[in-house]
Amino acid sequence: MRSVVQALLSVTATAEHLSGEMNPTVGIAVILTVLQAAHCQMIKDLSACLLGQSLRVDCRYENKTSNPLTYEFSITKDNRKHVIHSTISVSENIYRSRANVTMHKNLVCLYLQSFTTSDEGVYMCELKATNDYTGNQIKNITVIKDKLEKCAGFSLLIQNTSWLLLLLLSLPLLQAVDFVSL
């Protein structure tokens with residue numbers, strides 16, 4: 001919030017400097033613009049699972065704006081940060097050919113192929129919406145290969161489909177096994 005206040009003061013000071021004095025209407029417009037951009041997105045959950053031989057890291061967020069989103073996935077090993085895939089900074093060579101990111105509504109997924117124990121560490125998801133003056137949102141998760149669960153095959157379907165629609169689609173299957181009779 002401090003950065004929002006600093007941005008607000010900076011914009012207000014610039015407007016006063018340009019016009020000689022601050023017009024109350026301009027002041028209110030500046031305040032509303034800055035506050036509207038504040039808290040554009042927030043990371044809600046970070047999870048990891050195994051998808052075959054690949055690691056999948058899901059970074060779920062709440063987005064309150066249509067501004068473009070930038071991201072960075074990194075790993076901390078031996079007290080050193082290694083960028084895996086990013087639109088914020090440059091990814092390290094050792095991960096470029098193995099890493100892929102997909103974006104769905106309120107979900108950014110990292111896929112790291114050929115995941116081994118040497119890839120274990122603290123994974124970080126960092127998100128930033130354009131014109132979000134509150135700073136980057138960051139969440140960490142510790143990933144250990146032996147403790148990872150397998151990814152659910154229908155996790156994206158369940159996350160993006162209403163339960164009612166899922167139930168309706170499964171009715172023929174339930175009827176076929178005499179679980180439900182209509």
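What is the mean pLDDT of the protein chain, and what share of its residues reach 70 or more? In this predicted model, the mean pLDDT of the protein chain is 76, and 63% of the residues reach 70 or more.

The protein chain contains five helices and eight strands. Along the sequence, these elements follow the pattern α-α-β-β-β-β-α-β-β-β-β-α-α. Of the 182 residues of the protein chain, 36% count as buried. The accessible surface comes to about 11500 Å², and carbon and sulfur atoms account for 58% of that area. As regards contacts in the protein chain between residues at least 6 apart in sequence, 55% join residues at least 24 apart.

Charged side chains were examined next. Side chains of opposite charge can pair when their charged atoms come close. The count of salt bridges in the model comes to six. One of these joins R60 to D45, with the closest N and O atoms 3.4 Å apart. The pair links distant parts of the chain, R60 being located in strand β2 (residues 54-63) and D45 in strand β1 (residues 41-51), 15 residues apart. D45 counts as partly exposed, because its relative accessibility is 34%. Both R60 and D45 also belong to a network of salt bridges in which D45, R56, D58 and R60 are linked.

Another salt bridge is formed by R80 and E92, whose side chains meet at 3.9 Å, N to O. R80 lies in strand β4 (residues 80-86), whereas E92 lies in the loop between β4 and α3 (93-96), so the pair ties together parts that are twelve residues apart in sequence. With a relative accessibility of 47%, R80 counts as partly exposed.

A salt bridge also connects K81 with E72, the closest N and O atoms being 2.8 Å apart. The two partners fall into separate accessibility classes: K81 counts as partly exposed at 40% relative accessibility, whereas E72 is buried, with a relative accessible area of 3%. The class of E72 follows from the cut-off, since buried means under 20% relative accessible area and the value for E72 is 3%.

E72 is found in strand β3 (residues 69-77). Besides the salt bridge with K81, the side chain of E72 makes a polar contact with the side chain of S86, at 3.2 Å. When neighbours within four places in sequence are left aside, E72 is in contact with K81, V83, H85, S86, I88, S89, M124, C125 and E126.

Which residues form the aromatic pair? A search of the whole structure finds one such pair. Y71 and F73 form this pair, which is tilted, with 6.2 Å centre to centre and 55 degrees between the planes.

N136 lies in the loop between β7 (121-129) and β8 (137-143). N136 is partly exposed, with a relative accessible area of 31%. Not counting residues up to four places away in sequence, N136 touches I88, E126, L127 and K128. For one of these residues, E126, the C-alpha atom is separated by 6.4 Å from that of N136, the two residues being ten apart along the chain. Among the residues touched by N136 are I88 and E126, and the contacts of E72 likewise include I88 and E126.

K147 counts as exposed, because its relative accessibility is 69%. K147 and L50 are 97 residues apart in sequence, and their C-alpha atoms are 9.9 Å apart in space.

Notes. Residues are numbered from 1 along each chain as its sequence is written. This is a predicted model: local features need pLDDT of at least 70, side-chain atom pairs count only at pLDDT 80 or more; totals for chains, interfaces and linings use all residues. Side-chain values use heavy atoms; hydrogens and water are left out. A salt bridge is a side-chain nitrogen of Lys or Arg within 4 Å of a carboxyl oxygen of Asp or Glu. Helices (H or I, at least four residues) and strands (E, at least two) are DSSP runs, numbered from the N terminus. Buried means under 20% relative accessible area, exposed over 50%, partly exposed in between (1.4 Å probe, protein chains only). Contact means heavy atoms within 4.5 Å. pLDDT is the predictor's confidence in each residue, from 0 to 100. Rings of Phe, Tyr and Trp (its six-membered ring) pair if their centres lie within 6.5 Å; planes under 30 degrees apart count as stacked, over 60 as edge-to-face and the rest as tilted. Accessible areas come from the Shrake-Rupley method with a 1.4 Å probe; for residues, only the protein chains shown count as cover. A polar contact is a pair of N or O atoms within 3.5 Å; within protein, one must be able to donate a hydrogen and the other to accept it, and residues adjacent in sequence count only if both atoms are side-chain atoms.
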